[in-house]
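Work through these exercises with the structure open beside you. Try each task before you read its solution.

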Amino acid sequence: MQKRCVLLFLVLCVSLVPYASAAEFQVNFLKKPPSIMYNLFYEKYELDLALQITEVASQSPDGKRKVTGLKVIPENGMQKQDFGATVLARVSSDGTSGKLVFVCRTLHRCMSIRKKISDHPLFIQQAVQFAPFGTQGPIPTQFGAVRSASGPAPVPAEVVFQRHLDNSLSFAQNWHGYVKGFGDPSGNYWMGLEQLLAMTKDRHCQLIYEGVRIDNGKLMRGTFKRFGLHGADENYKLVLEDQEPGGDLWKGTAEYFNAMQFSTFDADNDKYKGECTKEQGHNAGWWYKDCHRLNPNSWITTSPSFCWNWCSAVDVNKIDICIKSTKLSFSCS
C-alpha cells in the first residue's frame with residue numbers, strides 16, 4: 001500500500017510539470033534583413049534571421065519564466081529538408097533574442113534561400129512555428145508553440161560589406177578569412193570576397209565609401225559609378241570606375257585601384273616592391289597597389305599626426321586624412 005502511494009505521488013508530481021497549451025512567449029522576426037556569415041567552426045555558411053522573444057502571459061506564481069531554446073516546427077507540409085539546409089534556432093543567454101539559422105553546404109544555397117525569403121517575406125513567416133522551452137522557476141518547461149506575427153525585412157537596396165568601427169576586432173586576417181568573411185554585420189564586419197563576388201556578379205553596381213574624420217568628426221563620402229570583382233582565379237581583382245561628382249575623395253582614387261588584386265599578409269598580390277599589407281596596412285587585407293589611396297581596414301589610430309599607415313583616406317586636395325570609422329557598401333540595378 002505504501003509503495004502504491006509513493007508511485008501515485010510521483011505520477012502526480014510529473015503531471016504538474018508545466019507543458020503550456022497557450023503561448024507564454026511570442027517569437028517574432030525583427031525587421032532586419034537576412035545575413036550570411038561563414039562559420040569557421042563548422043566550415044559552412046549560415047543564413048541568420050534575427051528574432052525577438054517577448055513574454056506575453058502574466059507572471060506565473062510558480063516562478064519566473066525564461067526561454068533557453070527554440071524548437072523549429074515546419075508548417076503547411078513543409079519539412080526542414082525542403083529548405084535544402086539544416087534549420088535550427090539559437091537563443092541569447094538572457095532569453096530575449098535569438099536567430100533562425102539555415103546551415104548551408106554552399107554559399108549558393110544560402111543565397112538562394114535569402115532571395116526566396118527577401119522576395120516573399122511572408123513565406124518564412126508561414127513556413128515555421130517556434131516552440132520555446134526553458135524554465136519556470138526551477139522547473140524545466142515546454143512553452144506553447146507560436147508563429148511570428150510578421151516576416152523579416154527584405155535585403156536592402158544598399159548592402160554593407162565592410163564596417164570598421166574600432167580596434168576591438170582585428171582586420172589582420174589571413175586570405176581564408178577575407179575570402180569567407182568575419183565579424184558581425186551589426187558591428188565590425190567584412191562580408192567576404194566570395195559572397196561579395198556572388199552578389200555583384202553580372203550586375204551594374206556602385207560602391208559607396210563613408211568614413212568619419214578623426215580631426216573634426218565630419219563624414220567623408222564617395223560614390224563610384226561601377227563596382228565589381230573578378231573571380232578567385234584572378235585573386236578577386238577589383239573593377240572600379242570614376243567617383244560621382246561632389247564626392248569627398250581624391251578624384252584619381254578609382255583609376256588608382258582599378259584592376260588591383262586583393263592582398264593579405266599571407267598572399268601578397270600588390271605591385272609594391274615590398275608588402276603593402278605588412279608595411280602600410282598593419283597586416284590588414286585590401287586591394288593594394290603601391291600601396292593605397294584608401295586604407296579602410298588598417299588599424300585605427302588615436303593620434304592623427306601621421307595617417308598614411310593607419311585607417312585613412314585621401315581627400316580631394318590629395319591630403320591624407322585619418323579616419324576613425326568606415327563603412328563600405330554597394331547598390332546594384
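**Exercise 1. The largest pocket**

Task: Give the volume of the largest pocket in this predicted model, and find which residues are closest to its centre.

Solution: 
- Step 1. Start with the volume. The largest pocket holds about 680 Å³.
- Step 2. Go to the centre. The lining has 31 residues, and Pro 33, Ser 35, Asp 184, Pro 185 and Ser 186 are the closest to the pocket centre.
- Step 3. Name the elements. Strands S2 (35–39), S3 (44–55), S6 (97–104), S9 (158–164) and S10 (182–183) each give two or more residues to this lining.
- Step 4. Sort the lining by type. It has 17 nonpolar, 7 polar and 7 charged residues.

**Exercise 2. Two domains**

Task: State how the protein is divided into domains, and explain where the largest pocket lies.

Solution: 
- Step 1. Domain 1 covers 25–147 and domain 2 covers 159–332.
- Step 2. Check how far apart they are. Their C-alpha centres are separated by 34 Å.
- Step 3. Look for contacts. Here 9 residues of domain 1 are in contact with 11 residues of domain 2.
- Step 4. The largest pocket lies between the two domains, because both give residues to its lining.

**Exercise 3. The second largest pocket**

Task: Find which element gives the most to the lining of the second largest pocket.

Solution: 
- Step 1. Take the volume. The second largest pocket has about 370 Å³.
- Step 2. Go to the centre. Among its 17 lining residues, Met 111, Arg 114, Lys 115, Met 199 and Arg 203 are the closest.
- Step 3. Helix H2 (107–119), helix H5 (193–200) and strand S17 (320–332) each supply at least two lining residues.
- Step 4. H2 gives the most, with 6 residues.
- Step 5. Sort by type. The lining has 9 nonpolar, 4 polar and 4 charged residues.
- Step 6. Check the domains. Domain 1 and domain 2 each give at least three residues to this lining.

**Exercise 4. Helix H5**

Task: Decide whether H5 is mostly covered or mostly uncovered.

Solution: 
- Step 1. Apply the cut-off. Buried means under 20% relative accessible area.
- Step 2. Count. In H5, 6 of the 8 residues are buried, and the helix is mostly covered.
- Step 3. Name them. The buried residues are Leu 193, Gln 195, Leu 196, Leu 197, Met 199 and Thr 200.
- Step 4. Step past the end. Just after H5, Asp 202 has a positive phi of about 60°.

**Exercise 5. The nonpolar core**

Task: Name the residues with the most contacts inside the largest nonpolar core.

Solution: 
- Step 1. Recall the general pattern. In soluble globular proteins, nonpolar side chains tend to be buried together.
- Step 2. Read off the core. It has 77 residues, and Leu 100, Phe 102 and Trp 287 have the most contacts inside it.
- Step 3. Check the domains. Each of domain 1 and domain 2 gives this core at least three residues.
- Step 4. Zoom in on Trp 287. Leaving out residues up to four places away in sequence, Trp 287 touches several residues, including Trp 190, Leu 193, Leu 196, Phe 257 and Phe 262.

**Exercise 6. A loop residue**

Task: Is Asp 242 buried or partly exposed?

Solution: 
- Step 1. Locate Asp 242. It sits in the loop between strand S15 (238–240) and helix H6 (253–257).
- Step 2. Use the area. Asp 242 has a relative accessible area of 46% and is partly exposed.
- Step 3. Find its contacts. Beyond neighbours within four places in sequence, Asp 242 is in contact with Thr 223, Phe 224, Lys 225 and Ala 254.
- Step 4. Compare positions. Asp 242 and Gly 252 are 10 residues apart along the chain, and their C-alpha atoms are separated by 7.9 Å.

Methods: Residues are numbered from 1 along each chain as its sequence is written. This is a predicted model: local features need pLDDT of at least 70, side-chain atom pairs count only at pLDDT 80 or more; totals for chains, interfaces and linings use all residues. Side-chain values use heavy atoms; hydrogens and water are left out. On a 1 Å grid over the protein atoms alone, a cavity is a set of points where a 1.4 Å probe fits but cannot get out, and a pocket is an open set with protein on both sides within 12 Å along at least five of seven lines; lining residues have an atom within 4 Å of a point. Grid points are joined across faces, edges and corners, and a volume is the space filled by probe spheres set on the points. Helices (H or I, at least four residues) and strands (E, at least two) are DSSP runs, numbered from the N terminus. Ala, Val, Leu, Ile, Met, Phe, Trp, Tyr, Cys and Pro count as nonpolar, Asp, Glu, Lys and Arg as charged, and the others, Gly among them, as polar. Domain bounds come from an automatic or database domain assignment. A nonpolar core is a set of buried Ala, Val, Leu, Ile, Met, Phe, Trp, Tyr and Cys residues joined through side-chain atoms within 4.5 Å. Buried means under 20% relative accessible area, exposed over 50%, partly exposed in between (1.4 Å probe, protein chains only). Contact means heavy atoms within 4.5 Å.
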